[in-house]
Amino acid sequence: MRHLTFCGLAISFDERVLEPRPWTEAQSTWAAELLAEAAPGPVLELCAGVGHIGLGAVRDSDRRLVMVDVNPVAEEFARQNAAANGLTERIDFRLARLEDALAEGERFAMVVADPPWVRSADTSRFPADPVLAIDGGDDGLDLARSCVGLMDRHLADGGSGLLQLGTTEQAETIAAEAAQRPEGSVTVVETRAFDRGVLVRLAR
C-alpha cells in the first residue's frame with residue numbers, strides 16, 4: 001500500500017487502482033470554490049477511484065458526497081480514505097456502472113468526474129496504470145460522454161459539473177457535442193488547461 005497527501009488529506013492506494021495525480025488537486029480546489037457559492041445539496045463524484053478528488057472538494061464544507069465507481073478495490077480504498085480523514089459519515093459509495101448508480105429524481109449541487117480518457121489503442125503506453133481506470137474507448141471519450149449525460153440529468157439548478165479530460169482537443173469535442181444538445185441542457189462554460197490534463201466546467 002502507498003500513501004500521499006492530497007489537498008491536505010491522507011490518501012491510500014495501491015497498484016490495483018489509478019495512482020492519484022497531484023495536478024488534480026486543481027479539480028478539488030475549483031469544485032470547493034464553486035461549492036462555496038452554490039445552492040444547498042450534495043456532491044456527486046463519478047469514476048471516483050479512491051475518492052481523493054471528491055473528498056478534497058467537500059473537505060471544508062458540510063456537504064454529503066456520493067461516490068460512484070465500478071471497481072470494488074476503488075470502493076475499499078475510498079471508504080478507507082474517508083475514514084482516515086474523518087469523513088465517513090458524509091459519504092455514500094455506490095459500486096455500480098454509471099448508468100445504474102442514480103435514481104431519476106436525485107439532484108446534486110456539484111458533479112465532479114474523472115473518467116478514463118486514454119484511447120483504447122493507446123492504453124499499452126501506460127503499463128503501470130490499470131486498463132479499467134484509463135481506457136476511454138476508441139476516441140477516449142466514451143465515459144466522458146456518459147458523465148456529461150449524467151450531469152445534464154442530475155445537476156440541480158445553478159449547479160456545475162467539473163469534467164477531467166486529457167487534452168484541449170478532447171475538451172473542444174465535448175464542448176461541440178454539448179452545444180448540440182437541446183435548449184436547457186448543460187454546456188461548456190469554461191476550460192482550464194494544465195500540464196497533465198484539462199478541466200472543463202459545464203452548467204446550464
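Buried residues are those with under 20% relative accessible area, and the views below apply that term to a predicted model.

**View 1. The buried side of helix 1.**
Within helix 1, which spans residues 25-35, the buried positions are Gln27, Ser28, Trp30, Ala31, Leu34 and Leu35. Because these residues cover an arc of only 165° around the axis, they lie on the same side of helix 1. An α-helix has 3.6 residues a turn, so residues three or four places apart point the same way.

**View 2. The largest nonpolar core and the surroundings of Val17.**
This core has 33 residues, of which Val17, Leu55, Leu65, Met67, Met110 and Leu162 touch the most other members. At least two residues of the core come from each of several elements, including helix 1, helix 2 (52-58), strand 4 and strand 6 (108-113), while helix 3 supplies the largest share, five residues. Apart from its neighbours within four places in sequence, Val17 is in contact with Val50, Asn71, Val73, Ala74, Phe77 and Pro130.

**View 3. A second core.**
Ala96, Leu98, Val111 and Cys147 are among the 27 residues of a second, separate core.

**View 4. The largest pocket and its lining.**
The largest pocket holds about 840 Å³ of space and is lined by 38 residues, with Pro115, Pro116, Leu132, Ala133 and Ile134 lying nearest its centre. Strand 4 (65-69), helix 4 (131-134) and helix 5 (142-154) each contribute at least two residues to this lining, and the largest share, four residues, belongs to helix 4. By residue class, the lining of the largest pocket comprises 23 nonpolar, five polar and ten charged residues.

Definitions and conventions: Residues are numbered from 1 along each chain as its sequence is written. This is a predicted model: local features need pLDDT of at least 70, side-chain atom pairs count only at pLDDT 80 or more; totals for chains, interfaces and linings use all residues. Side-chain values use heavy atoms; hydrogens and water are left out. Buried means under 20% relative accessible area, exposed over 50%, partly exposed in between (1.4 Å probe, protein chains only). The arc is that of the directions from the helix axis to the C-beta atoms. On a 1 Å grid over the protein atoms alone, a cavity is a set of points where a 1.4 Å probe fits but cannot get out, and a pocket is an open set with protein on both sides within 12 Å along at least five of seven lines; lining residues have an atom within 4 Å of a point. Grid points are joined across faces, edges and corners, and a volume is the space filled by probe spheres set on the points. Ala, Val, Leu, Ile, Met, Phe, Trp, Tyr, Cys and Pro count as nonpolar, Asp, Glu, Lys and Arg as charged, and the others, Gly among them, as polar. A nonpolar core is a set of buried Ala, Val, Leu, Ile, Met, Phe, Trp, Tyr and Cys residues joined through side-chain atoms within 4.5 Å. Contact means heavy atoms within 4.5 Å.
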